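Let's take a walk through this protein together. Have the sequence and the 3D view side by side as you read.

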Amino acid sequence: MVSDFQQLTQALARNLRHWRGERGFTLDALAARAGVSRGMIIQIEQARTNPSVGTTVKLADALGVSITTLLDRDRTPRVHVVLPGQGVRMWATEAGSGASMLLGDDRRGPVEMWSYRLEPGEGADSDPHPAGTFEMLHVTAGQLTLLVADERYAVPAGGAVSFEADTPHAYRNEGEEPVEMTLAVSIPPVGGAATGRESQ
């Protein structure tokens with residue numbers, strides 16, 4: 001029986017090969033464009049490794065597709081319901097923090113929806129995304145500390161924030177209660193700027 005982990009590794013391998021061919025990128029060209037080593041791309045395409053979220057984001061950005069597309073998530077034309085626990089778990093810590101990709105679509109320019117949980121003292125950092133990437137988030141529990149460039153913003157439960165994501169940014173839980181939030185990412189369409197998402 002193939003595990004969910006193996007299915008994701010195989011889907012990523014298949015789709016990375018497909019989209020690299022679709023874009024006409026050699027291994028060296030994709031490596032240079034994504035800032036990922038040629039050897040790592042070969043290992044991913046041969047399903048010999050499961051890359052970090054950060055590496056997957058860089059590859060999706062370089063190819064101009066969403067992580068949803070690279071992971072081969074099912075999409076329906078009109079309605080797609082994701083039940084609790086059915087999101088793709090992209091990263092997690094032993095303390096209980098983590099992020100799951102709930103939904104994504106490329107049809108009108110990539111857009112993604114994520115669920116985050118940050119335990120006290122934990123957080124997630126992100127490199128700058130290409131120009132045009134826009135993020136919105138809604139905090140449903142705890143108080144989030146959002147860092148964008150050199151600025152800090154406190155976002156309490158029930159609050160929301162939006163920002164241009166072309167600068168370093170990070171999510172932190174500096175409180176004593178878990179932070180839960182929903183994050184939406186709007187990515188420039190293929191043919192415009194490249195894409196971007198959070199990395200861990």
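Is Arg117 buried, partly exposed or exposed? At 30% relative accessibility, Arg117 counts as partly exposed. For these labels, buried means under 20% relative accessible area, exposed means over 50%, and partly exposed is in between, using a 1.4 Å probe and protein chains only.

Before going further, a word on what you're looking at. This is a predicted model, where local features need pLDDT of at least 70, side-chain atom pairs count only at pLDDT 80 or more, and totals for chains, interfaces and linings use all residues. Residues are numbered from 1 along each chain as its sequence is written, and side-chain values use heavy atoms, with hydrogens and water left out.

Back to Arg117, which has two partners. Its side chain meets that of Glu119 in a salt bridge, at 2.7 Å from N to O. Arg117 also forms a salt bridge with Glu180, and there the closest N and O atoms are 2.5 Å apart. Arg117 sits in strand E3 (residues 111-118) and Glu180 in strand E10 (residues 179-186), so this pair ties together parts that are 63 residues apart in sequence. Through shared partners, the salt bridges join Arg117, Glu119 and Glu180 into one network. As for cover, Glu119 is buried, with a relative accessible area of 13%, while Glu180 is partly exposed at 31%. A salt bridge here is a side-chain nitrogen of Lys or Arg within 4 Å of a carboxyl oxygen of Asp or Glu.

How many salt bridges does a search of the whole structure find? The count is six. One of them joins the side chains of Asp28 and Arg38, at 3.0 Å from N to O. Asp28 lies in helix H2 (residues 27-34) and Arg38 in helix H3 (residues 38-45), so the pair links parts that are ten residues apart in sequence. Both ends are partly exposed: Asp28 has a relative accessible area of 49%, and Arg38 has one of 42%.

Now step back to the whole chain. It has five helices and ten strands; these are DSSP runs numbered from the N terminus, with helices (H or I) of at least four residues and strands (E) of at least two. Of its 200 residues, 44% are buried. Take the contacts (heavy atoms within 4.5 Å) between residues at least 6 apart in sequence: 64% of them join residues at least 24 apart.

Next, find the helix H4, which covers residues 53-63 and includes Ala62. H4 is mostly covered, with ten of its eleven residues buried. Among them are Val53, Val57, Leu59 and Leu63. Ala62 is buried too, at 5% relative accessibility. Leaving aside residues up to four places away in sequence, Ala62 touches Phe25, Leu30, Arg33 and Ala34. Ala31 is 31 residues away along the chain, and its C-alpha atom is separated from that of Ala62 by 8.9 Å. Just after H4, Gly64 takes a positive phi of about 75 degrees.

Which strands form an open sheet? Four do, in the order E4-E9-E6-E7, with antiparallel pairing. At the edges are strand E4 (123-126) and strand E7 (151-156), each pairing on one side only. Two strands count as paired if DSSP finds at least two bridges between them. E4 and strand E9 (residues 169-172) run antiparallel and are joined by four bridges. In general, strands of a sheet pair through backbone hydrogen bonds, either parallel or antiparallel.

Finally, how far does the predictor trust its own model? Its confidence in each residue is the pLDDT, which runs from 0 to 100. The chain's mean pLDDT is 84, and 86% of its residues reach 70 or more. Confidence is lowest in helix H5 (residues 67-71), at a mean of 78, and highest in strand E6 (residues 143-148), at 97. Over residues 192-200, pLDDT stays under 50, and the model has 55 contacts for that stretch beyond four places in sequence.

Notes. pLDDT = per-residue confidence, 0-100.
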